[in-house]
Structures are given as C-alpha cells and as structure tokens.
Amino acid sequence: MPLFKKVLYSTDFSPLAEVALEYVKKLKEAGEEEVVVVHVVDDLSVELPEGTDLIKEKEVYKILPEVDQEYLLDLVERLNSIKELLEKENLKVKTYLKYGNIPKQIVSVADEEKVNLIVMGAHGKGLLTELLLGSVSTDVIREAKCPVLIVKRREE
Ligand SMILES: Nc1ncnc2c1ncn2[C@@H]1O[C@H](COP(=O)(O)OP(=O)(O)OP(=O)(O)O)[C@@H](O)[C@H]1O
Ligand SMILES: [Mg+2]
C-alpha cells in the first residue's frame, strides 16, 4: 500500500497554505489517491458546540446572524474551488468546514478519516512570522498521530 494514500490538507487560505497545496498535488507521485481538505472556524459571533460540521449541519445556519452566514458561505465556496482543482488532478476529495479549537479539530478529522499524512504551512495569517512555527502548526505536530509535512516558504 502506498505510504501517503490519504492526505489531510489543512488551510487558512493564506499564501503559505497555497504553497502547501502545491505539495498536496505533487504527492500524487508518492501514491496519494485521496485528499481531505479542512478549514476550521473559531470566530463566529455565536458560540457553537465544539466540532460542529458546518457543511453537513446546515440547520445551524438558521441561528446565526447574516454576517456569519455570508462568511461561512464564502468559506464553503473557497473549499469547493480547492476541491475542484484537486479533482482535476484525478484525486478523490472530501471537504470539512469545522467549528471549534483549530488544531484540535484538524487532528480530530485526521483521526476520524484515518489519514496517512497532514500537509500544512509553517505559518498562516498570523503576523508573528519571525517565529519558526505558528501556534496551529505547533499544536498539530504535537497532537497528530500521523506524520506532518510542514511547508516553510515559497520555493525561489
Ligand atoms: N483555521 C484554520 N483552519 C485550517 N488550517 C489552518 C487554520 N489556521 C492555520 N491553519 C494551518 O496551519 C498553518 C500554520 O498556521 P498558524 O495559524 O499556525 O500560523 P500563524 O497564523 O502564522 O500563527 P498564529 O495563528 O499562531 O498567529 C497554515 O499554513 C494552515 O495550513
Ligand atoms: Mg493562524
């Protein structure tokens, strides 16, 4: 069985997460067949239960203010365009939009989906880029049971 058959790609839609997506595409050469794309939201104006699935549990939208609904619909669209892009590469793709603690939810989807590898950026949208790793990547490395591929910078 290929080592990296099923890969989780975690994105905050930052430039470095986009670079990480290039690696997700290239991993096909290492036997990758399926990609699970994950984005986690922790900043809605209403508290939701930890781990709420914002793609499957559509009924929660009704309790959210319109700004949140629009924000979430935009995120779903962004996830869908990544899905289409990867499907063009003949990969099988699943998307998750989760609510809750960001690293905790990434690791929990990785466990549930039994992925062989997590791919993510060293940094994201945070501003403390002088640090080697952002807080999300640090915690995912700490908690994940599978290998984690950290993409550090755009190749020159
Ligand atoms: N909300 C999120 N959902 C999914 N993946 C995320 C999310 N936030 C960050 N990531 C992933 O983690 C990588 C590292 O981002 P991280 O948030 O750790 O760095 P940062 O934003 O620079 O720092 P910090 O958030 O600690 O201020 C990103 O490139 C992306 O792959
Ligand atoms: Mg961040």
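**Notebook: a sheet, its helices and a ligand**

I started with helix α4, which lies across β4 and β5 and runs at about 165 degrees to β4. For contact I used C-beta atoms, placed from the backbone, within 7 Å. Axes are lines fitted to C-alpha atoms, for helices over the stretch in contact, and angles run from 0 to 180 degrees between N-to-C directions. Helices (H or I, at least four residues) and strands (E, at least two) are DSSP runs, numbered from the N terminus.

A note to myself: this is a predicted model, where local features need pLDDT of at least 70, side-chain atom pairs count only at pLDDT 80 or more, and totals for chains, interfaces and linings use all residues. Residues are numbered from 1 along each chain as its sequence is written, while chains are lettered from A and ligands numbered from 1 in the order in which they are written.

**The sheet**

In what order do the five strands of the open sheet stand? I read β3-β2-β1-β4-β5, with parallel pairing; two strands pair if DSSP finds at least two bridges between them. β3 (92-99) and β5 (148-151) are at the edges with a single partner strand each, so one side of each has no neighbour in the sheet. From one strand to the next, the twist averages 20 degrees.

Next I looked at the pairs. β2 and β3 are joined by eight bridges, and V38 stands opposite Y96 in β3. Strand β1 (residues 6-10) is joined to β4 by three bridges; here L8 stands opposite I118 in β4.

**Helix α1**

I then turned to α1, which lies across β1, β2, β4 and β5, at about 145 degrees to β4.

**Two loop residues**

F13 sits in the loop between β1 and α1. Its phi is positive, about 65 degrees, although F13 is not a glycine. K114, in the loop between α3 and β4, has a positive phi of about 50 degrees and is not a glycine either.

Is K114 buried or exposed? K114 is exposed, because 11 other C-beta atoms lie within 10 Å. The cut-offs are 20 or more for buried, 12 or fewer for exposed, and partly exposed in between, counting other C-beta atoms, placed from the backbone, within 10 Å.

**Around ligand 1**

Which residues come nearest to ligand 1? Of the 23 around it, they are G121, G124, G126, G134 and S135; near means that the C-beta atom, placed from the backbone, lies within 6 Å. α1 (15-26) and β4 (117-121) are among the elements that each supply at least two residues of this shell.

Conventions
Two residues are in contact if their C-beta atoms, placed from the backbone, lie within 7 Å.
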